[in-house]
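Me: Can you walk me through this fold? Let's start with strands and then get into the packing.

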Amino acid sequence: MKTSLIRTAVVAAPVVAAGLLMSAPSAATPPQAPAGQPQPGYWEYTTSVLGVRDTEQKCVRPSEINRFFNGLSTRRWRCTYPVRQVGDGNARFEGTCEDRKGRRVNVRLHGPYETESFRFNGGAQLARGTPYIPASISARRISAQCPANAEYF
């Protein structure tokens, strides 16, 4: 059982990290980021789970900034955050992510943010009653304008 859980954690870690970063908000949000929150532009972000780091650069449109920042889902993981506290330069998210096969992961993230950066620490719980696997997401806006060849979020 323990070996199976560790194997699942190692396989799922990169997917969970991406899901943590790119989760869609559970409710419709306005297309513009509120003042003081991260703004659209060209962003670089790094996820880290179990020592596995992944860095990407993406262009985030004004219509995508809330999905990018306010709840961090990928095509594989759909996340909802019943607990979402954002204000005064700090954010906290707690919720669940579910893949297409119905597998669920509990997620917790928290940390500071500014208009051009944020860093969230937390983790993912792969099975009820097990410890959270440490994870972090750090992001910085490289520029307000995206290069011509940028990949879009």
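What follows is a chat about strands, cores, rings and a disulfide.

Me: Before we start, what kind of model is it, and what pLDDT do local features need?

Reply: It's a predicted model, where local features need pLDDT of at least 70 and side-chain atom pairs count only at pLDDT 80 or more, while totals for chains, interfaces and linings use all residues. Residues are numbered from 1 along each chain as its sequence is written, and side-chain values use heavy atoms, with hydrogens and water left out.

Me: OK, strand S1. Is it mostly buried or exposed?

Reply: Eight of the nine residues of S1 (residues 41-49) are buried, so the strand is largely enclosed by the rest of the structure. Buried means under 20% relative accessible area, exposed is over 50%, and partly exposed is in between (1.4 Å probe, protein chains only). Strands here are DSSP runs of E with at least two residues, helices are runs of H or I with at least four, and both are numbered from the N terminus.

Me: Which strands does S1 pair with?

Reply: One is S2 (residues 52-60), antiparallel to S1 and joined to it by nine bridges. Another is S7 (residues 133-143), also antiparallel, over eight bridges. Pairing takes at least two DSSP bridges between two strands.

Me: What's in the turn between S1 and S2?

Reply: They make a hairpin with two residues between them, and Leu50 in that turn has a positive phi of about 50 degrees. Val49 has Val52 in S2 as its bridge partner. Over on the S7 side, Tyr42 stands opposite Ser143.

Me: Switching to packing. How many residues are in the largest nonpolar core?

Reply: 19, and Trp43, Phe68, Phe118 and Phe120 have the most contacts inside it. A nonpolar core is a set of buried Ala, Val, Leu, Ile, Met, Phe, Trp, Tyr and Cys residues joined through side-chain atoms within 4.5 Å.

Me: What's the geometry of Phe93 and Phe120?

Reply: Their ring centres are 5.6 Å apart with planes at 70 degrees, so that pair is edge-to-face. Phe93 is in S4 and Phe120 in S6, so the contact ties together parts 27 residues apart in sequence. Phe93 is buried at 0% relative accessibility, and Phe120 is buried at 0% too.

Me: And Phe118 with Phe120?

Reply: Stacked, because the centres are 4.9 Å apart and the planes sit at 25 degrees. Phe118 is buried, at 2%. Ring pairs link Trp43, Tyr81, Phe93, Phe118 and Phe120 into a cluster.

Me: Last topic: which cysteines form the disulfide?

Reply: Cys59 and Cys146, with S to S at 1.9 Å; the cut-off for a disulfide is sulfur atoms within 2.5 Å. The structure holds one disulfide, and this link is right-handed, with 80 degrees about the S-S bond.

Me: Are those two cysteines buried or exposed?

Reply: Cys59 is buried at 4% relative accessible area, whereas Cys146 is partly exposed at 24%.

Technical notes. Phe/Tyr/Trp six-rings, centres within 6.5 Å; stacked < 30°, edge-to-face > 60°.
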